[in-house]
Amino acid sequence: MANTPQARKRIRRNETRAAINGNRLSRIRTFVKKVESALAGGDKTEAAEALKAAQPELARGVARGVLHKNTVARKMSRLSKRVAAL
């Protein structure tokens, strides 16, 4: 168990940051799901708009340190490819 004041503060901070990062990740996943549902529906314009909205969210996830940049690059590439194929 944490015995020093610094360790106690660190635990408090980690819990807060975990909650914030979890919310960010959930928001990003929601945007990606919107793109995927539009792709499943076969609507190219809706999928393209959803992708346009999802790209800044994914980039923000990289900037905030929630996601790795290569992971986001891969996701954006694959989603873009699928939207273009419609």
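Mentor: First, the axes: they are lines fitted to C-alpha atoms, for helices over the stretch in contact, with angles running from 0 to 180 degrees between N-to-C directions. Helices are DSSP runs of H or I, at least four residues, numbered from the N terminus. This is a predicted model, where local features need pLDDT of at least 70 and side-chain atom pairs count only at pLDDT 80 or more, while totals for chains, interfaces and linings use all residues. Residues are numbered from 1 along each chain as its sequence is written, and side-chain values use heavy atoms, leaving out hydrogens and water.

Trainee: OK, at what angle do α2 and α3 cross?
Mentor: Roughly 175°, and their axes come within 10 Å. α2 and α3 are therefore roughly antiparallel, a label for angles over 145 degrees.

Trainee: Which residues of α2 and α3 make the contact?
Mentor: With contact meaning heavy atoms within 4.5 Å, α2 uses residues including Leu51, Leu58 and Val62, and α3 residues including Val72, Met76 and Leu79. By class that contact has 11 nonpolar, 2 polar and 3 charged residues. Nonpolar covers Ala, Val, Leu, Ile, Met, Phe, Trp, Tyr, Cys and Pro; charged covers Asp, Glu, Lys and Arg; the others, Gly among them, are polar.

Trainee: And how do α1 and α2 cross?
Mentor: The axes of α1 (residues 5–41) and α2 (residues 44–63) come within 8 Å and cross at roughly 160°. So α1 and α2 are roughly antiparallel too. The contact includes Ile28, Phe31 and Val35 in α1, and Ala50, Ala54 and Leu58 in α2. Its classes are 12 nonpolar, 1 polar and 4 charged residues.

Trainee: What about α1 and α3, parallel or antiparallel?
Mentor: Their axes come within 10 Å and cross at roughly 25°. That makes α1 roughly parallel to α3, since the angle is under 35 degrees. Val32, Val35, Glu36 and Leu39 of α1 meet Leu79, Arg82 and Val83 of α3.

Trainee: Switching topic: how much space is in the largest pocket?
Mentor: About 260 Å³. A pocket here is an open set of points on a 1 Å grid over the protein atoms alone, where a 1.4 Å probe fits, with protein on both sides within 12 Å along at least five of seven lines; lining residues have an atom within 4 Å of a point. The volume is the space filled by probe spheres set on the points, which are joined across faces, edges and corners.

Trainee: Which residues are closest to its centre?
Mentor: Val32, Glu36, Leu58, Lys75 and Leu79, out of 13 lining residues. The largest share of the lining, 6 residues, comes from α1. By class the lining has 6 nonpolar, no polar and 7 charged residues.

Technical notes:
Helices (H or I, at least four residues) and strands (E, at least two) are DSSP runs, numbered from the N terminus. Angles under 35 degrees count as roughly parallel, over 145 as roughly antiparallel, 65 to 115 as roughly perpendicular and the rest as oblique.
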